[in-house]
Each structure stands twice: as C-alpha cells, then as structure tokens.
Amino acid sequence: MSGMAEVSGNDFIVSLGHVINEVGNPPDRFNIGGTFMHELGHNLGLRHGGGFDSTAEDVPNYKPNYLSVMNYSYQFVGIPMSNPCKVDPDCPDGALCNGTTCARIDYSNQVLPTGTATPGLLNENGALDETAGLGSGNTDMFFFTDARCNFQVAPAQGPVDWDGDGIAGDNTAVTADLNPPDHGPGPIPCGVITNQLFRGHADWGPAASPLGFTFKFQQTPMVEDGAVAAPKINGPTPNRKTGEAKHQD
C-alpha cells in the first residue's frame, strides 16, 4: 500500500511501503508529495477517477484524460510537462524540476478532452480521434497505452498517436486499451478490454466552480491505495505490477 485515507474524513496515512521498500524507488518529493496530496484529496472527497461524493468515480483508474494527483498514473511522478529544466526556477509557477523536465503535483483543473464530438468524454471503442487529442491548451504531457499495447507519453495539446503506428493525427476512429494496469489483478492481457468510457473531471480551479471539495472531517469509510507507479520519464522504469484500491467499512 502507498497510503490510506478516509473519504471526506479526517485521517490519512502516507506509507509508500511498496513503492520505496519493495519496488526500490528512492523517496523523493514527487512520490512523497504526490502521495500526501493524493491522500489529502480523499479527505476532501476526491476519488481516483475524479468527482466529489455522490458524483465521484473510482473507476476506471488510469484515465488518460484525468490529469490529477488522484489518478494513480500521476500520484508518484506528478503531471509531466514538456518544459525542459535543470533547476526548479526553470519551471512554470507551481511546477518542480525532475532533472530534465518539469512536472506539477496538482489536482485536475480541466475537463478533458476539449474540442471533440463529446467534450469531456474519451471513448476507447472506435472513437479515439487522433486529430483532436485532449486539447489541453498547455504544456502538460499525459500517459496512455496505445492500440499496439505500447506505453506512451504524449503532449496533452495537439494530435495523439492513439493507434501506435508512429504517426500522430492520421486516424480518427481508433480502438485501444488505454489503461491495462487497471484490469488486474489477474491474467487480463492488454488489448482485451477496449470498451471503456473515460470521463474527464476538474478537481479545482475555474473549471470546477463552484468548488466541489467537502469538509466534513468526520469518521468515514477508508480507502486503501495500492497504486501502480507509471514509468519515470528520465529514470528507471518502476515495477508495474498491478495493485488495487479497496473500500473498507
């Protein structure tokens, strides 16, 4: 487990036992800070897929269009950015340097994708439009698995190579299993589940107005976090054994 928190409650724990002690990632400000904000987000009512309380979504996990520290994809490494850096001052306000590029430890402030036939909804079953991408309008990068089961890091603005043929923007009707780490534990290979819908969410910021955080701070059901670390952009690739998150009464 990486941590545990009460949803809309008043307690959380940052443990990082698996990530640091078992997988062997060194503790750094991204995995510690990201997990702190992730568990705090649960206290504020956020779930792994976005939303608040009655509108919350715990599944599917690893949404390509939910760029938030609540998404297991970004809990340990932050939301990557295309901005090169050597030190923190090279990065935009609120972002940190990971050695070569900037990343931000943040909650989602956009509902993605934008500018598509169904804004805010990503359909992996024959409806992934490479020409539209996510339409973030900024320098954010995002993680996904393409139709050939290759893990990719791509710009959140501009065309995307959903089908994995090496050309972004040449296919407007792609089918792909975008989040295979979410299908376990169990022998479910990449490419088997290709019918999921990924709804975008804004956790805070103008797109989430009025702010949806809850401040109940009472004893509530716990959620255990067993996140799967996404590969680092500029470092060794962590073990991607699939974990699961479970609600407990």
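Buried here means under 20% relative accessible area, exposed means over 50%, and partly exposed lies in between (1.4 Å probe, protein chains only). The model is predicted: local features need pLDDT of at least 70, side-chain atom pairs count only at pLDDT 80 or more, and totals for chains, interfaces and linings use all residues. Residues are numbered from 1 along each chain as its sequence is written, and side-chain values use heavy atoms, with hydrogens and water left out.

**View 1. Glutamate 57 pairs with lysine 63 in a salt bridge.** A salt bridge is a side-chain nitrogen of Lys or Arg within 4 Å of a carboxyl oxygen of Asp or Glu. Side chains of opposite charge can pair when their charged atoms come close. The search of the whole structure finds six such bridges. Here the closest N and O atoms of glutamate 57 and lysine 63 are 2.8 Å apart. Lysine 63 is buried, at 1% relative accessibility. Glutamate 57 also counts as buried, at 18%.

**View 2. Glutamate 57 also forms a salt bridge with arginine 199.** In this pair the closest N and O atoms are 3.5 Å apart. Glutamate 57 sits in the loop between helix H2 (29-43) and helix H3 (72-75), and arginine 199 belongs to strand E9 (residues 197-199), so the pair ties together parts that are 142 residues apart in sequence. Helices (H or I, at least four residues) and strands (E, at least two) are DSSP runs, numbered from the N terminus. Arginine 199 is partly exposed, with a relative accessible area of 43%.

**View 3. Arginine 104 meets aspartate 140 in a salt bridge.** The N to O distance between these side chains is 2.5 Å. Arginine 104 is part of strand E5 (residues 101-104), while aspartate 140 is in the loop between strand E6 (121-123) and strand E7 (141-145), so the pair ties together parts that are 36 residues apart in sequence. Both arginine 104 and aspartate 140 are buried. Back at the glutamate 57 site, salt bridges that share partners join Glu57, Lys63 and Arg199 into one network.

**View 4. Cysteine 85 and cysteine 97 form a disulfide.** A disulfide is called for a pair of cysteine sulfur atoms within 2.5 Å. Such a link is a covalent bond between the sulfur atoms of two cysteines. The structure holds three disulfides. In this one the sulfur atoms are 2.2 Å apart. The link of cysteine 85 and cysteine 97 is right-handed, with 90 degrees about the S-S bond. Cysteine 85 lies in the loop between strand E3 (79-84) and strand E4 (95-97), and cysteine 97 lies in E4 itself, so the pair ties together parts that are twelve residues apart in sequence. Cysteine 85 is buried at 7% relative accessibility. Cysteine 97 is buried too, with a relative accessible area of 7%.

**View 5. A disulfide joins cysteine 91 to cysteine 102.** The S to S distance is 2.1 Å. The link of cysteine 91 and cysteine 102 is left-handed, with -95 degrees about the S-S bond. Cysteine 91 is in the loop between E3 and E4, cysteine 102 is in strand E5, and the two are eleven residues apart. Cysteine 91 is buried at 10% relative accessibility. Cysteine 102 is buried, with a relative accessible area of 0%.

**View 6. A disulfide joins cysteine 149 to cysteine 190.** The S to S distance is 2.1 Å. The link of cysteine 149 and cysteine 190 is left-handed, with -100 degrees about the S-S bond. Cysteine 149 is in the loop between E7 and strand E8 (151-155), and cysteine 190 is in the loop between E8 and E9, so the pair ties together parts that are 41 residues apart in sequence. Cysteine 149 is partly exposed at 33%. Cysteine 190 is partly exposed at 27%. With the bonded cysteines of the chain numbered in sequence order, the pairing reads 1-3, 2-4, 5-6.

**View 7. Three strands make an open sheet in the order E3-E5-E4.** Its pairing is antiparallel. E3 and E4 stand at the edges with a single partner strand each, so one side of each has no neighbour in the sheet. From one strand to the next, the twist averages 35 degrees. Axes are lines fitted to C-alpha atoms, for helices over the stretch in contact, and angles run from 0 to 180 degrees between N-to-C directions. Two strands pair if DSSP finds at least two bridges between them. E4 and E5 pair in the antiparallel sense over three bridges. Alanine 95 stands opposite arginine 104 in E5.
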